Amino acid sequence: MGAGEIPLEVEALAGPARDRELVARCREGDTAAFARLVSLHERMVFNLAARLLGDAEEARDVAQEVFLQVYRRLGRFEGRSSLKTWIYRIVVNQCHNRRRFWHRHGRDREDPLDERLAAPRAPGRRPPGPYEEACAQERARTVQQALLRLPFPQRSVLVLREVEGLSCEEVAAALGIPDGTVKSRLSRAREALRQSLAGLLEEGDPS
Amino acid sequence: MSCGVVRRRLSRWLDGELEAGAARRLEAHLAACAACARRARELRAVSRLVSELPALSAAESLAASVVDRLDMARRPALGFLFRGFSSTRPFILPSLVPATLVVVTVLAGVLLFDSGPLPEVHLAPGGAWGATPALGTEGNPVFPSAGIDLPRETTSVPLPTEALSGDESVFLEQLVARDGSVADVTLLEGDATGTASLMNALRQQRFEPVRYRGRPVAVSVYRLISRMEVRSPLT
């Protein structure tokens, strides 16, 4: 059964309405609907896990685990938040569990992410030259390393805010923590990065 | 507004989370304080560096592999192989520890207390009620099996097989006593004439006492002996 079997009327829906329809079909055991749900959210889930864990292999593994959990818990999804917000929380929890598991088993070092795994660039944008490309990859590696040095609670808040572009309120809803906690963690995370990325900031204002 | 207060609020200001009045006061401070203005620029640059991290994508789509794993998980027999074991059952691993302790204790107890005397088998020979000799004694020998080794000969006694004709063989039972001597030899199958010297030689054999659970036992072994070869002992 493939995602192509999803009826056109579901595809025509957008955002929350489409998610609601897909969730309803998944609850009925419709595997094609679930495959569609996965393909709609897998990029976000993988990218978020990769940025939080700093390891592509682990991120892929966590992403699969996240979707299996989504499937198992769909019955408990009340629809009060959006499906995406609900998935954010599962991803962050899974990554947190994975890190605790590493910590217990003495593995705290991540294999550096290959920034070449970057998703294809939007069409129409001028492709960068090899030098620009190399500089961008080096910058991304440095930022990723700095992110990984942040305590996990600060890192997850910062990544949801800056990478996923959620508002403070949305981050609070996704993580189930108070708004004020989000803001103070953001403040501490940015200040820590400001210090650890001082070299990058001095090289030239990216603005 | 002091520099300390401004710096604590910069992150909220960048997110547009400050009230209008507080934001205006902070902006007025930034216009006048170069150090705080620089700090604000750096924080803005930090946000930009993180938000401009390239979006990573898995080498191949996850949908197919997730649906495959889901199908596997639905099969009751194999499901446990594909389920996140510790994540779906967070309490099973800690609870296995006391369970293991109980099992180990019971096993240790069984092994510790199972070294006592062999159980006696009571039979009623000839229809009359009465106890047979204890198992492992000459009157009630054991047979070689797992845990009971074959007796090993200590002094080699040559067996006179000349009396047997070419293809003749005899089948005997040799009872090795607890001290390793031969208590009895019984001809089970074969011609009795001419086997007297052979049976005599078998009686002269000496073995290392066979031990079972730490004490010597009498063992009965079957032996098939022919002129050309001595195939023994048989179990």
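1. Helix 1 of chain B and helix 2 of chain B are oblique to each other, a class that takes in angles left over once those under 35 degrees (roughly parallel), over 145 (roughly antiparallel) and 65 to 115 (roughly perpendicular) are set aside. The axes of helix 1 (residues 3-14) and helix 2 (residues 20-32) of chain B cross at roughly 120° and come within 11 Å; axes here are lines fitted to C-alpha atoms, for helices over the stretch in contact, with angles from 0 to 180 degrees between N-to-C directions. Helices (H or I, at least four residues) and strands (E, at least two) are DSSP runs, numbered from the N terminus.

2. This is a predicted model, in which local features need pLDDT of at least 70 and side-chain atom pairs count only at pLDDT 80 or more, while totals for chains, interfaces and linings use all residues. Residues are numbered from 1 along each chain as its sequence is written, and chains are lettered from A and ligands numbered from 1 in the order in which they are written.

3. The crossing of helix 1 of chain B with helix 2 of chain B is left-handed, that is, the near helix is turned anticlockwise from the far one by less than a right angle, clockwise being right-handed. On the helix 1 side the contact involves V6(B), R9(B) and W13(B), which meet A22(B), A23(B), L26(B) and H29(B) of helix 2; two residues are in contact if their C-beta atoms, placed from the backbone, lie within 7 Å. By class these residues are five nonpolar, one polar and one charged, where Ala, Val, Leu, Ile, Met, Phe, Trp, Tyr, Cys and Pro count as nonpolar, Asp, Glu, Lys and Arg as charged, and the others, Gly among them, as polar.

4. C3(B) also belongs to helix 1 of chain B, and C3(B) is exposed, with 12 other C-beta atoms within 10 Å; a residue is buried if 20 or more other C-beta atoms lie within 10 Å of its own, exposed if 12 or fewer, and partly exposed in between, with C-beta atoms placed from the backbone. Apart from neighbours within four places in sequence, C3(B) is in contact with C33(B), A35(B) and C36(B).

5. Between the chains, 44 residues of chain A are in contact with 31 residues of chain B. Helix 1, helix 3 (34-51) and helix 4 (63-74) of chain B each give two or more residues to the side of chain B that touches chain A, and helix 3 of chain B gives the most, with 10 residues. That side of chain B has 16 nonpolar, eight polar and seven charged residues.

6. Chain A has 10 helices and zero strands, and 36% of its 207 residues count as buried. Helix 5 (residues 83-104) and helix 8 (residues 168-175) of chain A have axes that come within 8 Å and cross at roughly 60°, in a right-handed crossing. The residues making this contact are T85(A), Y88(A), R89(A) and V92(A) of helix 5 and E170(A), A173(A), A174(A) and L175(A) of helix 8 of chain A.

7. Two backbone details in chain B deserve a look. Strand 2 (residues 169-176) and strand 3 (residues 182-189) of chain B run antiparallel and are joined by six bridges, and in their hairpin, with five residues between the strands, G180(B) takes a positive phi near 95°. R213(B), a residue other than glycine, has a positive phi near 50°; R213(B) lies in the loop between strand 5 (210-212) and strand 6 (215-217) of chain B.

Key
Two strands pair if DSSP finds at least two bridges between them.
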